[in-house]
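This report describes a single structure, with attention to its aromatic pairs and its ligand. The sequence and structure come first.

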Amino acid sequence: MTREQPVSPTGRRERAVDVLVVGAGPAGLALASRLAAAGGVGVEVVDREDEPGGVPRYCLHAGFGTRDPRRPMTGPAYALHWADAAVRAGATLRTGVTVTGWSDGPPKGPPTGPPTDPLAVDVTSPAGLERITARAVVLATGARERPRSARLVPGTRPAGVFTTGELQRTVRLRHRALGRRALVVGAESVSYSAVRILREAGVEVVAMVTELPHHQVSPVTALDARLRHGVPLLVGTRVGELLGRGRLSGVVLRRADGRSTTVACDTVVFTGDWIPDHELARLGGVTLDRATRGPAVDGSFRTDRAGVFAVGNLLRGIEPAGTAAREGLLAAAPVLRHLTDGAAPAARVPVQVEAPLRWITPSRLDPADPRVATGGFILRTESGLAPWSSLVVSRAGTELHRQRLVLGATPNRTLRLSAAWTTRVRAEDRDAGPVTVSVEH
Ligand SMILES: Cc1cc2nc3c(=O)[nH]c(=O)nc-3n(C[C@H](O)[C@H](O)[C@H](O)COP(=O)(O)OP(=O)(O)OC[C@H]3O[C@@H](n4cnc5c(N)ncnc54)[C@H](O)[C@@H]3O)c2cc1C
């Protein structure tokens, strides 16, 4: 239940809730709707934006929701659907509220162990400062694209350089004029969304470029961009340099064979290359997975800090909104378990991948509770995997599972691995080291 307390001597309002959800995107809202529907639990969702819904709020296209594939929802309709579900179930939804840190900082001792004191976070909003104490905190803060500065692209620093998120906000919220000719860097599904946003804003897309040998979407999506919007795709090509003072005037492209060309354009959109929004997790002393840079969770979405859970794109970067929402729904049961029995993560076994695989999530297994709520793991590969390759799961030289990839796999697209083998990871094999997933051709 939510409990309001008087203003503290420091001028901070003090509040207490059972579960605090940070982030009102599809993952956080779906979780709140199921938790609140369970009854008897005070659930509060906070989001720093002025409206709930997360990224879909900015996506006007109809690609959301799977209940009726013939009638997909637009992003704003999907955002509204989950915000409504959370509020109707009885969750408290507060927007314009940013969680800035943890009142007590990271835990003093090792994060793993029995539940300790209630968790407390610092919050700021137009109403002032607050300290919210909760019995469980669920981080659902999403992911963002690495900006140009983090991609170390040489050249000048002109206006007209965006990520897809910045492009969406510019077009959809501020209605600020874009340029006239744009280059899109990347050829995954979000890159094609960027093409659509630009075309709808009346901007000509001169080309898409990818360093990979192929686009990473369905042939229908790629053909649509080429035929309907006339956008050529340059593969095996990277951005060498940005040109222009004041406004972007062109981009130097470098081909794999060493040749260079200059494309005249006043707008460039860097797409993909996601990084989980993990700042709050990091400040809270939650262990991050080295490969995903998101919190290292087990199959019950538990981090290694007792009472702190993580769901959605925060775990690994972008997946469809339905995946994030489903994780939110499935995390409700472990959170409720934590509230009743204070179940804390025990010694956990890391799950790692070998090249060319990039990452896997969940990346920890609790042998005492090897459930994987989603029924399987999500992975990504760095380079294409041929049809009939196999994913091989092993520990200390013993093969635990083998899964054939009949169609192979493509970088930047979801790859799934069954969790049927997790019960074979035994607690008593404490010294057997991590579980490893590799590829056999
Ligand atoms: C251009 C684009 C097109 C897309 N198209 C589709 C599509 O057609 N179909 C589809 O299924 N998916 C699509 N997606 C993916 C989908 O939007 C995401 O998978 C989904 O939004 C992830 O949900 P989430 O709840 O994990 O995170 P988000 O939606 O990112 O929500 C995270 C929320 O946390 C809040 N937050 C972060 N830190 C704090 C803090 N410290 N304090 C308070 N609040 C905080 C943020 O404000 C945000 O609202 C698209 C994504 C993009 C970028």
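Phenylalanine 377 and tryptophan 421 are both buried, buried meaning under 20% relative accessible area, exposed over 50% and partly exposed in between, with a 1.4 Å probe and protein chains only. The model is predicted: local features need pLDDT of at least 70, side-chain atom pairs count only at pLDDT 80 or more, and totals for chains, interfaces and linings use all residues. Residues are numbered from 1 along each chain as its sequence is written, and side-chain values use heavy atoms, with hydrogens and water left out.

Rings of Phe, Tyr and Trp (its six-membered ring) pair if their centres lie within 6.5 Å; planes under 30 degrees apart count as stacked, over 60 as edge-to-face and the rest as tilted. Two aromatic pairs are counted by this rule.

| Aromatic pair | Centre to centre | Angle between planes | Class |
|---|---|---|---|
| Phenylalanine 64 and tyrosine 78 | 5.5 Å | 35 degrees | tilted |
| Phenylalanine 377 and tryptophan 421 | 5.2 Å | 15 degrees | stacked |

Helices (H or I, at least four residues) and strands (E, at least two) are DSSP runs, numbered from the N terminus.

The ligand is surrounded by 33 residues, each with a heavy atom within 4 Å of it. Asp47, His61, Asn313, Glu319 and Ala321 are the closest. By type, the shell has 16 nonpolar residues, 13 polar and four charged. Domain 1 (3-144 + 275-344) and domain 2 (147-272) each give at least three residues to the shell; these bounds come from an automatic or database domain assignment. Elements that each supply at least two shell residues include β4 (62-64) and α7 (321-341).

An N or O atom in the side chain of histidine 61 is 2.8 Å from an oxygen atom of the ligand. A backbone N or O atom of proline 26 lies 3.2 Å from a ligand oxygen atom, and one of arginine 48 lies 3.1 Å from a ligand nitrogen atom. Taken alone, the ligand exposes 1,000 Å², and the protein buries 91% of that; accessible areas come from the Shrake-Rupley method with a 1.4 Å probe.

Key: A polar contact is a pair of N or O atoms within 3.5 Å; within protein, one must be able to donate a hydrogen and the other to accept it, and residues adjacent in sequence count only if both atoms are side-chain atoms. Ala, Val, Leu, Ile, Met, Phe, Trp, Tyr, Cys and Pro count as nonpolar, Asp, Glu, Lys and Arg as charged, and the others, Gly among them, as polar.
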